[in-house]
Amino acid sequence: MLAFPSTYSVGITSLGFQVVWATLARRPDVDVRRLFTDQGDPPHQKGRGGLDLFGLSLSWELDGPVLLDLLEQQRIPIWSHDRHETDPLVFGGGPVLTANPEPLAPFFDAVLLGDGELLLPAFIDAVQAHRSAPRAERLRALAQVPGIYVPSLYAPRYGSDGRLLAVEPIEPGIPATVAKQTWGGNTLSHSTVITPEAAWPSIHMVEVVRSCPELCRFCLASYLTLPFRTPSLDDGLIPAVEKGLGATQRLGLLGASVTQHPQFGDLLGWLDADRFDGIRLSVSSVRAATVTPQLGRILAKRGSKSLTIAIESGSERMRQVVNKKLSGEEIFAAARYAREGGLTGLKLYGMAGLPSEEEADVEATAELLLALKKATPGLRLSLGVSTFVPKAHTPFQWEGVRPEAEKRLKLLAKRLKPRGIELRPESYGWSVIQALLSRSDRRLAPVIAAVRGRHESLGGWKSTYRELVEQGPEPGSAPLPPWGEVIHDSWDPLRVLPWDHLEGPLPKSTLAGHRRSALDPAGPALEAA
C-alpha cells in the first residue's frame with residue numbers, strides 16, 4: 001500500500017507520488033493500492049498473504065504526524081520495534097526523509113534516500129529476494145542495498161550532557177554510512193495521472209530540470225538534489241509533453257529553475273506553434289535573470305496570467321549572503337518583460353529572518369516592491385514571504401530560526417498592504433515547527449506520537465514538548481534538548497548533526513566552506529568533520 005499524508009486532491013497533484021505509484025504499478029510482481037486521508041483504493045485482504053509493504057511519500061515536515069494515523073487506520077503498530085513477522089514492512093521516501101529521517105526513524109522499517117527511479121526497483125527486488133526470510137533477516141538484507149537506511153540497525157550515542165555523539169550500526173556488517181542515490185538518466189518525470197479532482201485540475205506536469213545550479217545557501221531543493229540535471233529536448237521533454245497533451249489541454253512545466261534548462265528557449269519556440277493554440281501553459285518559479293520578452297509573450301499567449309520569481313530579499317547585501325546571483329536591474333527587467341508580454345501579474349517570493357539579516361534589509365524588500373509597482377503600472381504584484389528554516393545538507397543547516405522574523409513579517413505587511421501590494425506570509429509558528437522537525441534527532445519521536453490531536457497548533461507542539469521534558473526520558477535514554485537549542489540556536493560547525501551518518505551530495509566540510517563564504521568570508525577557515 002502506498003500512502004500520502006493528505007487528501008486525494010493534494011496527493012494526486014504530487015508528481016513524486018504519481019511516479020512512485022506508476023513505477024510500482026508497472027511491476028507484475030507488485031499489487032499496489034493507494035491510500036489518502038480521505039479515501040483510498042479497495043484494500044488488500046487482511047492477514048497472512050495480504051499487505052506486505054506500507055509506503056509513505058513525505059514532502060512536507062508538518063505531515064509527519066499523519067503517518068501514525070494512517071498506520072493505525074491499517075492496524076499496523078506505529079513503532080517499528082512493536083511489529084511482528086506478519087506485519088508489513090513500513091518504508092518511506094521523499095525530500096523530508098532523505099534530508100533528515102531521524103525524528104521519524106523509529107516509525108519506519110526502511111527509508112529510501114534519494115531518487116525513486118533508482119531506489120524503488122532495487123528495494124522491491126531485495127524485498128522479493130528475501131520474502132520468505134524472517135523479518136530481522138529481511139531488514140539486514142535491505143540495509144546492504146545502496147541508499148536504503150534501516151533505522152533499527154543503527155543507534156544514537158549521547159554524551160553525559162545529552163549532546164549527540166554519533167549514530168552507529170548496532171552490529172557488524174552494517175554500513176557505517178548510507179549514501180543518497182542519484183538518478184542520472186536522460187529522462188525525468190511527468191504525470192501518470194490526469195484528473196479534474198486534483199488540486200491543479202486536469203494538468204499534465206512535466207519535470208523540466210532537477211536541482212538548481214544557483215545553490216542559494218538555504219535551499220534544500222538545490223543542495224539535496226545535486227547535481228543539476230536536464231533531460232534532452234527531443235528525447236525527453238517533447239515526448240513527455242506530447243504524451244500528456246493527448247489527454248488534456250493544460251500543461252505545467254516544473255522544476256526549481258525551469259528556464260535554466262539549456263534548451264528552454266527551443267522548448268518555448270516549439271510550444272509557440274499554432275497547433276498548441278488551445279493549451280493553457282504554466283511554469284513554476286523561474287530565475288528572474290532568465291525572464292525574456294519571448295517568455296512573457298508565450299506564457300500570456302498560452303493562457304498564463306502571471307509569472308513567479310524568487311528574489312529572497314530586496315537587499316543587495318542579503319542576496320549576496322544567500323548566493324542569490326540577481327541584481328536589482330534584472331528584477332525590474334523581469335517585471336517589465338512580464339507586463340510587455342501581456343501578463344497581468346508578477347508573484348515574488350522572499351524570506352524573513354535570514355542569517356545576518358537586519359531590519360534595514362527587510363525595509364529594502366518593501367522599498368523594492370514599492371519601486372516595482374511604480375515602474376510597472378498595471379502589473380499586479382504579490383509577495384509571498386516565509387521565515388527562514390534551516391534544512392539538512394545545506395550551508396545554513398547550522399543556523400537557527402530567528403525570533404525577530406515574526407516582527408519583520410508584520411513590518412512588511414504594514415509597509416505593503418496599504419499600498420495595494422498583496423502580501424502572502426507563511427505562518428511564523430509553522431516555520432518554528434518545521435525547524436523542530438528538520439533539526440531534531442530520534443528523541444523527537446515520542447513527541448510526534450504524543451502530539452497527535454494537538455499537532456495543528458504551535459501551542460500544541462510546545463506544550464507536548466514541555467510535558468515530555470518534565471516527565472524525563474525513559475530509562476537508558478537521553479533527555480530532550482532544550483526547545484530553544486533545537487529551534488533558535490546557531491550550532492557550532494564541529495557539532496555532530498543528527499544526519500551525519502547519511503551522506504548527501506556534498507560533504508559536510510564543503511557545506512561549512514559555503515557557509516563561511518556567506519557569513520564570514522574574511523574569517524579563519526573552519527573544517528567540519
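The buried residues of helix H10 pack against helix H9 (264–271), strand S12 (280–283), strand S13 and helix H12, where contact means heavy atoms within 4.5 Å. Helices (H or I, at least four residues) and strands (E, at least two) are DSSP runs, numbered from the N terminus. This is a predicted model, in which local features need pLDDT of at least 70 and side-chain atom pairs count only at pLDDT 80 or more, while totals for chains, interfaces and linings use all residues. Residues are numbered from 1 along each chain as its sequence is written, and side-chain values use heavy atoms, with hydrogens and water left out.

**Helix H10**

- H10 covers residues 293–301, and its residues Leu-295, Gly-296, Ile-298 and Leu-299 are buried; buried means under 20% relative accessible area, exposed over 50%, and partly exposed in between (1.4 Å probe, protein chains only).
- An α-helix has 3.6 residues a turn, so residues three or four places apart point the same way.
- After H10 comes Gly-303, which has a positive phi near 95°.

**The sheet S13 to S16**

- Four strands form an open sheet with parallel pairing, in the order S13-S14-S15-S16; two strands pair if DSSP finds at least two bridges between them.
- Strand S13 (306–312) and strand S16 (422–425) are the edge strands, each pairing on one side only.
- On average, neighbouring strands of this sheet are turned by 20° against each other, direction ignored.
- Axes are lines fitted to C-alpha atoms, for helices over the stretch in contact, and angles run from 0 to 180 degrees between N-to-C directions.
- Strand S15 (residues 380–387) runs parallel to S16 and is joined to it by 4 bridges; Ser-382 has Glu-422 of S16 as its bridge partner.
- Helix H12 (residues 328–340) packs on the sheet, where it touches S13 and strand S14 (345–352), and its direction makes about 175° with that of S13.
- Helix H14 (residues 404–416) also packs on the sheet, touching S14, S15 and S16, with its direction at about 170° to that of S15.

**Strands S7 and S8**

- Strand S7 (154–158) is joined by 5 bridges to strand S8 (residues 164–169), and the two run antiparallel.
- Tyr-154 has Pro-169 of S8 as its bridge partner.
- The hairpin of S7 and S8 has 5 residues between the strands, and Gly-162 there takes a positive phi near 85°.

**Backbone exceptions**

- Most residues other than glycine have a negative phi, and most peptide bonds are trans.
- Ser-211 is not a glycine, yet its phi is positive at about 75°.
- Ser-211 sits in the loop between strand S10 (203–207) and helix H7, and at 3% relative accessibility Ser-211 is buried.
- His-393 likewise has a positive phi, near 70°.
- His-393 lies in the loop between S15 and H14 and is buried at 7% relative accessibility.
- The peptide bond from Leu-226 to Pro-227 is cis, with omega near 0°.
- Pro-227 belongs to the loop between helix H7 (220–223) and helix H8 (233–245).

**Cysteines**

- The structure has 0 disulfides, a disulfide being a pair of cysteine sulfur atoms within 2.5 Å.
- For Cys-212, which is in no disulfide, the nearest cysteine sulfur is that of Cys-219, 6.4 Å away; Cys-212 is buried at 9% relative accessibility.
- Cys-216 is in no disulfide either, and its nearest cysteine sulfur, that of Cys-219, is 6.2 Å away; Cys-216 is buried, with a relative accessible area of 6%.
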